[in-house]
Amino acid sequence: MNLVLIETSGNQSFIFATNKLRENVGASELIYRTGTKYVFDAVKNLKVKVPGDPRIPSEYPPLSTQNPVEIILAASGKALLLVQNADVGRRIVREVTSRALEEAPGVDVYGVVSRDFDFDDEPIHPLVGEVHRQYERVRSRLPGAVARFQRLPIVAECATSGLPAARLACANDEVPVWEHREYSASVFAKVRARKGWEDRLKKVLHRQNVNHCLPDTLTGLEELGCDWLAIIHADGNGLGQVFLNFDKLAKVTDNRDNRDYITKLREFSLALDECTERAFCQALRLLYPRGGFLPIVPLVLGGDDLTVICDGRQALRFAKEFLDNFEKATREHKAIQPILNNGVTSCAGVAIVKPHFPFFAAYQLAEELLQSAKKIAKQNPQSPVSAVDYHILHDASGPNLERIRRELTVDDGNTLLVGRPYVTTANQGPVHRHWEKLKERVKAVRAVDGDGRRQLPNSMLHALRQSLFLGQQVADAQLKLVLERYRKQGLATLLGDGDSLFWMDTDYRRTGLLDAVDTAEFLED
């Protein structure tokens, strides 16, 4: 027997290759099909029964003389199969990659077939790791999909990307009249796949009893009153290590008990997908619907990954609610709880930008913010926490997080003017860098008296804000001028250690004032 791994690569660059939301969602749909529909159809061509709904584990038929293929898991952009021999595996890889080449040009998808092994006597877990390493070797040796789209000889340019145009869309191509223009093969496939994305998303919302509709264009988001947009990228913590040690965590002690291993691996993977969908749909209920639409568009929704574009003013509330619901759902799920007693924590990066800022650059910033959040989440490896990091981009001088945070560092690199990232897991993490503490600071900044005037005047807050950039001593000296007057009006909430705006963290001296002032309009109750 053999294992077969089919997986896509460079998903985010493929999704965000253009700044057209309809193409972004179509790209997401093509990646989803590559790991699911294309694989199921290739297996069907072998006259093997496959599940009508891949979410029902009981409908995955086990390997037998009648079924030369068993689907261990099939998710967006990834599939793992067990086959009776290498020839069957190579045939499936050939059909999936050939179909992706024709129907999803631009998607980097590779497949590998493992060495032969004895299912009854050899444990399958080491082979799973081996086939993933084999996949990385194959991927590194083959050119990417972009190499297929040469600009010589000179050809017309695609209307929305820098790729060479392959065709002119017309009425027979099932695209709207206003989209009848020159398209590259990759962009044209994305445009046509958008309808499939809409249908799949409707099924997800229906399963979770969400009755609102979601827009699929940037114009649609702007028409809902979104003067800021946010890209949220969330990812589970430590799952790579979980899969590396899955045999021990699943308590599969008998090397010959591969059937139990496969069942638990499949159930665990499907459970992660289910928990992500559930957490996403539960977080949707926090958003303000406008005209029957919710101002959010999911681009990646599956496994432990979430990437969405949404109203920037509601993004932080949504991200916090998603992290809480994901943590709760995984902790309570019957397929995850035996593997990980405390469930799975997750981190999120939130990049808040203006509507016409390039998606790809905004996503890169969100990815950097995600990695920043994971650093605080992993400070205690034995008990990781959920965390969120964010940035509100007021300029377009290059969304590089390292540069941004360097410019917010004073006192010869000893003082950082932000408290971000913030821990969202209840009763965990540093006190000053917990989400509830951020909410208290924002509430103090936004508080008004009986006449509707700010209890902490804007002029005073901005004077304090400006003093931060002159260093800790100057800022605290400025604080002393107003502290006693405004202490009971909420200024005490903005303090760190003692009568100072700062507190000492493990790596820097930090303050929460800048976060509170800058975040006030983006963290409404």
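A charge is said to sit over an aromatic ring if NZ of Lys or CZ of Arg is within 6 Å of the ring centre and within 35 degrees of the ring normal. The structure shown above is a predicted model, in which local features need pLDDT of at least 70, side-chain atom pairs count only at pLDDT 80 or more, and totals for chains, interfaces and linings use all residues. Residues are numbered from 1 along each chain as its sequence is written, and side-chain values use heavy atoms, with hydrogens and water left out.

Two arginines illustrate the opening definition. The charged end of arginine 200 lies over the ring of tyrosine 32, at 3.8 Å from the ring centre. Likewise, the charged end of arginine 420 is placed over the ring of tyrosine 390, 4.6 Å from its centre.

Rings may also pair with one another. Rings of Phe, Tyr and Trp (its six-membered ring) form a pair if their centres lie within 6.5 Å; planes under 30 degrees apart count as stacked, over 60 as edge-to-face and the rest as tilted. The count comes to 11 aromatic pairs. Phenylalanine 16 belongs to the loop between helix H1 (11-15) and helix H2 (21-35), while phenylalanine 359 is in helix H12 (residues 359-377), so the pair ties together parts 343 residues apart in sequence. Helices here are DSSP runs (H or I, at least four residues), as are strands (E, at least two), numbered from the N terminus.

Phenylalanine 16 is buried because its relative accessible area is 2%, and phenylalanine 359 is buried at 3%.

Tryptophan 228 is buried at 6%, and phenylalanine 522 is buried at 0%. Elsewhere, Phe243, Phe246, Tyr261 and Phe268 make up one aromatic cluster.

The cysteines complete this account. A disulfide is a pair of cysteine sulfur atoms within 2.5 Å, and the whole structure contains 0 disulfides. The sulfur of cysteine 213 is 13 Å from the closest cysteine sulfur, in cysteine 281, and is therefore too far for a bond. Cysteine 310 is also in no disulfide, as the nearest cysteine sulfur, that of cysteine 226, is 8.1 Å away. Cysteine 213 is partly exposed at 43%, whereas cysteine 310 is buried at 1%.

Technical notes
Buried < 20%, exposed > 50% of the residue type's maximum accessible area, 1.4 Å probe, protein only.
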